[in-house]
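Please read the following briefing alongside the sequence and the 3D view. It begins with a single position and then widens to the chain as a whole.

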Amino acid sequence: MTEPAIKLSEEQLEVFRVLYPWYKEEVFRRREQMMRLAAFGSAFLVLLLVTILALSPPYPVHLTIKVFTITGTALFSALFVYLILQQRDRHRVAKQTLIEMEQVLGLYEEGLYLVGKALYPKDWQTAWLNDRSVTVYLAVITALTILVVASILSKG
């Protein structure tokens, strides 16, 4: 390992050696958790939608049952939205910390590790701010929730 951008003591360097891989893994773990939550929530809502459409009773459904079903579906979806947003916030904190560590290590500085260029592209410091995956996850869960509610309301 070459010299970091800021002169670190051996003790500080040892802390970096421990923390850097941990934060790197944390960033990936939080992203994966968001994807899993979105996939599970979406799969459940699709299953619920198919079940409602395929197994609807031959008689009209009472309004009270519809209200309870819609409320349960909304609470389920709201919980998954909350969990995804919670993971997003934790992912952002870990990502910011990781980038700060990479800056201290000089990974974005030209010539420190490679002749005439930086080890990491400079745009990696801000590219994550343009990530729209959470918006996609939330949009899919919202759309599926609306479809489930519409199917409940359409039954008798």
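S151 counts as buried because its relative accessibility is 4%, where buried means under 20% relative accessible area, exposed means over 50% and partly exposed lies in between, with a 1.4 Å probe and protein chains only. This is a predicted model, in which local features need pLDDT of at least 70 and side-chain atom pairs count only at pLDDT 80 or more, while totals for chains, interfaces and linings use all residues. Residues are numbered from 1 along each chain as its sequence is written, and side-chain values use heavy atoms, with hydrogens and water left out.

**Fold and helices**

- The chain has 3 helices and 0 strands, and read along the sequence it follows the pattern α-α-α; helices (H or I, at least four residues) and strands (E, at least two) are DSSP runs, numbered from the N terminus.
- Helix 2 (residues 63-104) has 42 residues and should span 62 Å at 1.5 Å a residue, which agrees with the 61 Å between its end C-alpha atoms; the expected span is 1.5 Å times one less than the number of residues.

**Overall dimensions and surface**

- The radius of gyration of the chain is 23 Å, whereas a compact globule of 156 residues would have a value near 15 Å; the radius is taken over C-alpha atoms, and the globule rule is 2.2 Å times the number of residues to the power 0.38.
- The C-alpha trace spans about 75 × 30 × 15 Å along its principal axes.
- Of the 156 residues in the chain, 31% are buried.
- The accessible surface of the chain comes to about 10000 Å², with 67% of it belonging to carbon and sulfur atoms; such areas come from the Shrake-Rupley method with a 1.4 Å probe.

**Contacts in helix 3**

- Among contacts in the chain between residues at least 6 apart in sequence, 79% join residues at least 24 apart, a contact being heavy atoms within 4.5 Å.
- S151 is in helix 3 and, leaving aside its neighbours within four places in sequence, is in contact with L49, I52 and L53.
- T145 also lies in helix 3 (residues 133-154), and T145 is buried, with a relative accessible area of 12%.
- Not counting residues up to four places away in sequence, T145 touches L45, T73 and S77; the C-alpha atoms of T145 and S77 are separated by 6.8 Å although the two residues are 68 apart along the chain.

**Partly exposed positions**

- V46 has its place in helix 1 (residues 10-54) and is partly exposed, with a relative accessible area of 38%.
- A127 is found in the loop between helix 2 and helix 3 and counts as partly exposed at 39% relative accessibility.
- From C-alpha to C-alpha, A127 and L114 are 22 Å apart in space, and they are 13 residues apart in sequence.
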